[in-house]
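This report describes selected features of one predicted model. It covers strand pairing, a helix-helix contact and the surroundings of individual residues.

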Amino acid sequence: MHDLPGMSAASPIGFLAALGMLRVLARDCQLDVRLAWRDGHAVVDGIDPDTAISEITHNMAGRSQSPEFTWTDSLRGVPPESYRNACAEMREDQRALGFMAGWATDAIVRQGSVVVTRLDMTSGQQKLLRDLRGLAERVTPDHFHCALLGGAYENQTSFGLDPIAVRSHAHEPKAPTKTAPPGKPGLIWLAFEAIPLHPVVPVAANIAKTTGWRRHPEAAYVWPIWEAFLSLQEVILLRALPVDRLPYRPGMTEVWSSRYGSSGKYGMLLPPLRER
């Protein structure tokens, strides 16, 4: 068992990054690893942090050109035909198709476009997949060391996933266009590696839901914390549960939520609350 203090249990980006790390190591790298939580942070079994960082770094080779990141620049305004054509071109690539299910669904169309993941909170000049391609080209082993073991923030948008980086623009001494957005590149990248664990699914007529999100009474990302070491497949099954059932699931020690908020046109996850 190895501690990963950089991945906080009480943070949505910490939880997402731990799931993304698990997916990369277990699925992409074909390693027998398991994930649990102790003392407020992730712990991993089956691999030590240095080896995990090496494996994740090696897995980044060519990642910016993977089809799941190159089929479009922005998820916003994608016609269903374009989404279906992209999926058809990826039909032999199971990893890419997993990401496509997490990016959007064409089962419901709104104003001529597919319904996209709630984890895409970009706006303005941001284009999620284009910007993630740029991030993939600049992340280094040091960034992943920071993600797993902790470290300083730097100039990198967290795309709304990190409540610590929430910026109340109306109260800032400078205009937001003149200040650097704080973020941890390795943590952010690994959080988006968890997209296949959060598919967008239709739940009713003209209603789609991103796995892990609660719609009422306020939109929020909800996540569980557990003590037993779980495999990737076990985590996938757990993450697929309706979030209102998580407090009653055996083995769950905590349940956290982060409400969706916005500052101007930019979405973000707000500081988390412990529900259990």
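In strand β14, R274 is the bridge partner of W256. Strand β14 covers residues 273-274 and pairs with β12 in the antiparallel sense over two bridges. W256 of β12 also stands opposite W223. The strands concerned in this second pairing are β11, residues 220-226, and β12, residues 252-263; they run antiparallel and are joined by seven bridges.

| Partner of β12 | Partner residues | Bridges | Sense |
|---|---|---|---|
| β11 | residues 220-226 | seven bridges | antiparallel |
| β14 | residues 273-274 | two bridges | antiparallel |

**Helix packing**

How are helices α1 and α2 oriented towards each other? Helix α1 (residues 12-28) packs against helix α2 (residues 49-59) at an angle of about 75°, and their axes are 10 Å apart. Angles of 65 to 115 degrees count as roughly perpendicular, and the two helices are therefore roughly perpendicular to each other. On the α1 side, the contact is made by M21, V24, L25 and D28, while α2 contributes A52, E55, I56 and N59. Sorted by class, this contact of α1 with α2 comprises five nonpolar residues, one polar residue and two charged residues.

**Two helical residues**

Is H143 buried or exposed? H143 lies in helix α7, which spans residues 141-149. The relative accessible area of H143 is 12%; because buried means under 20%, H143 is classed as buried. The side chain of H143 forms a polar contact of 3.2 Å with the side chain of E154. Leaving aside residues up to four places away in sequence, H143 touches R138, E154, P185 and G186.

Q94 is placed in helix α5, residues 94-103. With a relative accessibility of 59%, Q94 counts as exposed, since the exposed class begins over 50%. Between Q94 and S231 the separation is 137 residues in sequence and 19 Å in space, taken from C-alpha to C-alpha.

Notes
Residues are numbered from 1 along each chain as its sequence is written. This is a predicted model: local features need pLDDT of at least 70, side-chain atom pairs count only at pLDDT 80 or more; totals for chains, interfaces and linings use all residues. Side-chain values use heavy atoms; hydrogens and water are left out. Two strands pair if DSSP finds at least two bridges between them. Helices (H or I, at least four residues) and strands (E, at least two) are DSSP runs, numbered from the N terminus. Buried means under 20% relative accessible area, exposed over 50%, partly exposed in between (1.4 Å probe, protein chains only). A polar contact is a pair of N or O atoms within 3.5 Å; within protein, one must be able to donate a hydrogen and the other to accept it, and residues adjacent in sequence count only if both atoms are side-chain atoms. Contact means heavy atoms within 4.5 Å. Axes are lines fitted to C-alpha atoms, for helices over the stretch in contact, and angles run from 0 to 180 degrees between N-to-C directions. Angles under 35 degrees count as roughly parallel, over 145 as roughly antiparallel, 65 to 115 as roughly perpendicular and the rest as oblique. Ala, Val, Leu, Ile, Met, Phe, Trp, Tyr, Cys and Pro count as nonpolar, Asp, Glu, Lys and Arg as charged, and the others, Gly among them, as polar.
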